[in-house]
Amino acid sequence: MTTARRPEEQELPFNVFAKTCPSRGTLEHVTGRWGGLTLGALHEGSLRFNELRRRVDGVSEKMLSQTLHALERDGLVHREAQPTNPPRVDYELTPLGHEVARLLLSLIQCVEGSMDTVLRARERYDETRGAR
């Protein structure tokens, strides 16, 4: 027996809920800890690597480099290397990257705006569960 798909699912050739769908990897890059923060930081404008590293507080050089490679491969970030000495590399969002970052920033603002509620919920949870 096959399960009927909703109309909006039938229109999309990709399904992030299917484990082999390539959209799942992109979603992981976008919503991962460093991917979301990197996209959010670049939404403000083009940044050099070290500027971006300072903006995304706590990210290691290695993780930022891996994140930027993944986002560039997915077509969300554009890397512009200028042949100067020392080399200058700027990162900026592509049009798709801007669209994704805009949506992520809405989520980020929702979370930040809800933190009082979240913190109260955590306190209640910890009190009832005897958290350490």
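Is Arg88 buried, partly exposed or exposed, and what is its relative accessible area? In this predicted model, Arg88 is partly exposed, with a relative accessible area of 31%. Its salt-bridge partner is Asp90, with the closest N and O atoms 3.0 Å apart. Asp90 is buried, at a relative accessible area of 9%.

**Overall layout**

The chain has 132 residues, of which 23% count as buried. Its secondary structure consists of seven helices and three strands, in the order α-α-α-β-α-α-β-β-α-α from the N terminus. The accessible surface is about 10,000 Å², and carbon and sulfur atoms account for 52% of that. Of the contacts between residues at least 6 apart in sequence, 43% join residues at least 24 apart.

**Salt bridges**

The count of salt bridges is three.

| Pair | N to O distance |
|---|---|
| Arg55 and Glu44 | 2.6 Å |
| Glu61 and Arg53 | 3.8 Å |
| Arg88 and Asp90 | 3.0 Å |

Arg55 and Glu44 form a salt bridge at 2.6 Å. Arg55 belongs to helix α4 (residues 49-55) and Glu44 to the loop between α3 (33-42) and β1 (47-48), so the pair ties together parts eleven residues apart in sequence. Arg55 is partly exposed at 47% relative accessibility, while Glu44 is exposed at 56%. In the pair of Glu61 and Arg53, Glu61 is partly exposed at 47% and Arg53 is partly exposed at 32%.

**Val30**

Val30 sits in helix α2 (residues 22-31) and counts as buried at 9% relative accessibility. Beyond its neighbours within four places in sequence, Val30 contacts Gly35, Gly36, Leu39, Leu76, Val100 and Leu104. Leu76 is 46 residues away from Val30 in sequence, with a C-alpha to C-alpha distance of 9.0 Å.

Terms used. Residues are numbered from 1 along each chain as its sequence is written. This is a predicted model: local features need pLDDT of at least 70, side-chain atom pairs count only at pLDDT 80 or more; totals for chains, interfaces and linings use all residues. Side-chain values use heavy atoms; hydrogens and water are left out. Helices (H or I, at least four residues) and strands (E, at least two) are DSSP runs, numbered from the N terminus. Buried means under 20% relative accessible area, exposed over 50%, partly exposed in between (1.4 Å probe, protein chains only). Contact means heavy atoms within 4.5 Å. Accessible areas come from the Shrake-Rupley method with a 1.4 Å probe; for residues, only the protein chains shown count as cover. A salt bridge is a side-chain nitrogen of Lys or Arg within 4 Å of a carboxyl oxygen of Asp or Glu.
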